[in-house]
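Student: Hi! I've got a structure open here and would like to talk it through with you. Could you help me find my way around?

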Amino acid sequence: TSPCDRPVPPTAGLSHDKWEIDPTELHLLEELGSGQFGVVRRGKWRGSIDVAVKMMKEGTMSEDDFIEEAKVMTKLQHTNLVQLYGVCSKDRPIYIVTEYMRHGSLLNYLRRHEASLSTNVGYLLDICIQVCRGMAYLERRNYIHRDLAARNCLVGSENVVKVADFGLARYVLDDQYTSSGGTKFPIKWAPPEVLNYTRFSSKSDVWAYGVLMWEVFTCGKMPYGRLKNAEVVDRVQRGLILEKPKACVKEVYEIMRKCWAHCPEVRPSFRVLKEQLINVNQGLV
Ligand SMILES: CNC(=O)Nc1cc(-c2cccc(-n3cnc4cc(C(C)(C)C)ccc4c3=O)c2C)cn(C)c1=O
């Protein structure tokens, strides 16, 4: 839409639109892969800052809603969240500019390092704690991820693990992804109330976090193996849960299981989960 169609907010031009990035300050480098919104490339911002740039493919995202939300997202700042630096929204395609994580997705990282990781329970637990810290921050900010999974976390230098793409699920236009009957809907990470009523909450993020813990302790196995989505929905509704991974100590599996309580209110908060996991980690030393 041309600017004259959009009502001009009274504050227009007063704020410095600091979430708006000048594309001439970006230097695009190699392709990192492609996600729900199209190609993502590594880049340099203002000559020296490593960034990742999502180049929004036409028709994949409800852009105006996202640009509005970007102002909020740039304010979410935590060591275990992939920082949104800003957007280039003056031209199309829109660019989403975030911090760059050199080791890529946590899922691939787990699969690539299975041999060394599977015997390092302390490190697997540390990965879970880092993700939990990021999620506890989002919970405090009343921000729901909606698609927490190992594939949506990234690994950076010094083995830091960060949660990525929080909240973006709301702007996906592909209804194969957005509707719970769609082929791309993350069924295996969804609790009963999401499967039945798409009722998202920080407690549905907690359910997904339990599945992420299972992914970490199996070094990236696919939850429920090759079961079809319909079979997984049936098992979850009947209260069947994922089995204890071999590499997982009993205390940790007990915490995982609490994330899969049928009622959202019974599941622990991320704040409580963080304390419990840190206690177990200290007990392991
Ligand atoms: C080697 N290092 C790297 O590759 N580093 C990095 C890779 C990516 C990357 C590359 C390609 C695709 C995607 N990707 C994957 N899944 C997504 C899922 C969604 C939702 C809405 C379905 C949750 C939205 C966007 C994406 C998305 O852009 C990412 C995150 C992003 N960042 C910040 C890196 O540091």
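Student: Let me start with a loop: between which strands does Pro93 lie?
Tutor: Pro93 sits in the loop that runs between strand S4 (84-88) and S5. Keep in mind that this is a predicted model.

Student: And is the peptide bond from Arg92 to Pro93 cis or trans?
Tutor: That bond is cis, with omega near 0 degrees.

Student: While we're on backbone angles, what is phi of Tyr224?
Tutor: Phi of Tyr224 is near 60 degrees, a positive value in a residue other than glycine. You'll find Tyr224 in the loop between H7 and helix H8 (229-237).

Student: Is Tyr224 buried or exposed, then?
Tutor: Buried: its relative accessibility is 12%, and the cut-off for buried is under 20%.

Student: What about the phi of Arg146?
Tutor: Arg146 isn't a glycine either, and its phi is positive at about 80 degrees. This residue belongs to the loop between H4 and S6. At 24% relative accessibility, Arg146 counts as partly exposed.

Student: Which place does Tyr143 have?
Tutor: Tyr143 is in the loop between H4 and S6. Tyr143 is buried, with a relative accessible area of 7%.

Student: Which residues is Tyr143 in contact with, leaving aside neighbours within four places in sequence?
Tutor: Its contacts include Glu69, Val72, Met73 and Leu76. Phe166, Gly167, Arg170, Ser202 and Asp205 are also among them.

Student: Switching to the core: which residues touch the most other members of the largest nonpolar one?
Tutor: Those are Phe66, Leu148 and Tyr209, in a core of 79 residues. Helix H4 (residues 121-140) supplies the largest share of this core, twelve residues. Apart from it lies another core, of nine residues, with Ile21, Trp45, Val53 and Tyr95 among them.

Student: Let's stay with Leu148. What is Leu148 in contact with, beyond four places in sequence?
Tutor: Its contacts include Val131 and Met135, and also Trp189, Tyr209, Leu212 and Phe270. Asp205 is on that list too, and Asp205 is also one of the contacts of Tyr143.

Student: Now the helices. Which residues of helix H9 are buried?
Tutor: In H9 (residues 250-258), the buried residues are Val252, Tyr253, Ile255 and Met256. Looking down the axis of H9, they fall within an arc of 155 degrees, so they line one face of the helix.

Student: What covers the buried residues of H9?
Tutor: The cover includes H4, helix H7 (202-217) and helix H10 (270-284).

Student: Are the charged residues Glu193 and Lys274 buried or exposed?
Tutor: Glu193 is buried, with a relative accessible area of 6%. Lys274 counts as buried at 17% relative accessibility.

Student: Last topic, pockets. How much space lies in the largest pocket?
Tutor: About 1200 Å³. Its lining has 50 residues, and Gly35, Lys54, Arg151, Asn152 and Asp165 lie nearest the centre.

Student: Which element gives the most to that lining?
Tutor: S1 does, with four residues. Other elements that give two or more residues include strand S2 (38-45), strand S3 (49-55) and helix H1 (63-73).

Student: And how does the lining split by class?
Tutor: There are 26 nonpolar, 15 polar and nine charged residues in the lining of the largest pocket.

Conventions. Residues are numbered from 1 along each chain as its sequence is written. This is a predicted model: local features need pLDDT of at least 70, side-chain atom pairs count only at pLDDT 80 or more; totals for chains, interfaces and linings use all residues. Side-chain values use heavy atoms; hydrogens and water are left out. A nonpolar core is a set of buried Ala, Val, Leu, Ile, Met, Phe, Trp, Tyr and Cys residues joined through side-chain atoms within 4.5 Å. Buried means under 20% relative accessible area, exposed over 50%, partly exposed in between (1.4 Å probe, protein chains only). Contact means heavy atoms within 4.5 Å. The arc is that of the directions from the helix axis to the C-beta atoms. On a 1 Å grid over the protein atoms alone, a cavity is a set of points where a 1.4 Å probe fits but cannot get out, and a pocket is an open set with protein on both sides within 12 Å along at least five of seven lines; lining residues have an atom within 4 Å of a point. Grid points are joined across faces, edges and corners, and a volume is the space filled by probe spheres set on the points. Ala, Val, Leu, Ile, Met, Phe, Trp, Tyr, Cys and Pro count as nonpolar, Asp, Glu, Lys and Arg as charged, and the others, Gly among them, as polar.
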